[in-house]
Amino acid sequence: MRLNYYEIEKATTALLQAIGEDLEREGLKGTPERVADSYMALLHGYNCSEEEIKILLTTFDSEAYDQMVMLKQIEFYSLCEHHLLPFFGQATIAYIPNERVAGISKLARILDIYSRRLQMQERLTDQITNALMKYLKPKGAACHIQAVHFCMRARGVSKQNSIMVTNSLKGIFLEDAQAREEFLELAK
Ligand SMILES: [Zn+2]
């Protein structure tokens, strides 16, 4: 357990004081506790170790299936590490098996573990394909993420409709133009 509930609660009280708010105000009474609760949920990926990710990607015989396996438009929520503001969107994850396949729900679970941490979209995209390459050992792994970032929309350059797109392509998806195009076309 890496997250310290009580320290988050204390820090939220300090933040409210720094904002100059009245801590006794009705609406703010339970706020430090509620913020700590939210962070426990938003950052629960820290509680999952590398070993658990490895176990999660327990494989089954692919029974000669050797085409692309893809889970499309899986929604996720994350927090950008630069501003601690939310970014969220959809990820599409694919791999081409090398005699072994993983339970399809595991792809969504991997996304969950990595997105529920302080993140950068680029790193998140890469961590997913890295985990697949390392533990599932497929012929190739690919991840496509489209997300909206609050730090872009609500502050700074304030661009309301911008969507950030990242791709991570490994193995055959990087080497073979046809595999790459097929993935990018299906991931749209
Ligand atoms: Zn940001």
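This is a predicted model: local features need pLDDT of at least 70, side-chain atom pairs count only at pLDDT 80 or more; totals for chains, interfaces and linings use all residues.
## Overall build

Let's start with the whole protein. The fold contains 8 helices and 7 strands, and its C-alpha trace spans about 65 × 35 × 20 Å along the principal axes. Of the 188 residues, 39% are buried.

The contact pattern is worth a look too. Among contacts with a separation of 6 or more, 70% are between residues 24 or more positions apart.

## The zinc site

Which residues hold the zinc ion? The coordinating atoms are SG of Cys80, ND1 of His83 and SG of Cys151, at 2.2 to 2.3 Å. Along the sequence, these donor residues follow the spacing C-x2-H-x67-C.

Cys80 has a relative accessibility of 4%, which is under the 20% cut-off, so Cys80 counts as buried. His83, with a relative accessible area of 34%, is partly exposed.

Helix 1 covers residues 5-19, a run of 15 residues. From first C-alpha to last, helix 1 reaches 21 Å, close to the 21 Å expected at 1.5 Å a residue. The buried residues here are Tyr5, Ile8, Thr12 and Leu16. Viewed down the helix axis, the buried residues of helix 1 fall within an arc of 80 degrees, and therefore they line one face of the helix. Helix 2 (31-42) is included in what covers them. On the face turned away from this buried side, helix 1 carries the exposed residues Tyr6, Lys10 and Ala18.

Both ends of the helix have a detail to inspect. At the start of helix 1, a side-chain oxygen of Asn4 comes to within 3.2 Å of the backbone nitrogen of Tyr6. After helix 1 comes Gly20, with a positive phi near 90 degrees.

How many disulfides does a search of the whole structure find? The count is 0. Cys48, for instance, is in no disulfide: the nearest cysteine sulfur belongs to Cys143 and is 17 Å away. A disulfide is a covalent bond between the sulfur atoms of two cysteines. Cys48 also counts as buried, because its relative accessibility is 9% and the cut-off for burial is 20%.

## Thr125 in helix 5

Thr125 sits in helix 5, which comprises residues 121-136. Is Thr125 buried or exposed? Its relative accessible area is 1%, so Thr125 is buried. The Thr125 side chain reaches the backbone oxygen of Gln121 at 2.6 Å.

If you set aside neighbours within four places in sequence, the contacts of Thr125 are Cys143, Ile145, Thr166, Asn167 and Ser168.

## Lys170 in strand 7

Lys170 belongs to strand 7, residues 164-171. With a relative accessible area of 18%, Lys170 is buried, because that value is under 20%.

What does the side chain of Lys170 meet in a polar contact of 3.0 Å? The partner is the side chain of Thr129.

How values were computed. Residues are numbered from 1 along each chain as its sequence is written. Side-chain values use heavy atoms; hydrogens and water are left out. Donors are N, O and S atoms within 2.8 Å of the metal (3.2 Å for Na, K and Ca); water is not among the atoms, so sites may look incomplete. Buried means under 20% relative accessible area, exposed over 50%, partly exposed in between (1.4 Å probe, protein chains only). Helices (H or I, at least four residues) and strands (E, at least two) are DSSP runs, numbered from the N terminus. The expected span of a helix is 1.5 Å times one less than its number of residues. The arc is that of the directions from the helix axis to the C-beta atoms. Contact means heavy atoms within 4.5 Å. A polar contact is a pair of N or O atoms within 3.5 Å; within protein, one must be able to donate a hydrogen and the other to accept it, and residues adjacent in sequence count only if both atoms are side-chain atoms. A disulfide is a pair of cysteine sulfur atoms within 2.5 Å.
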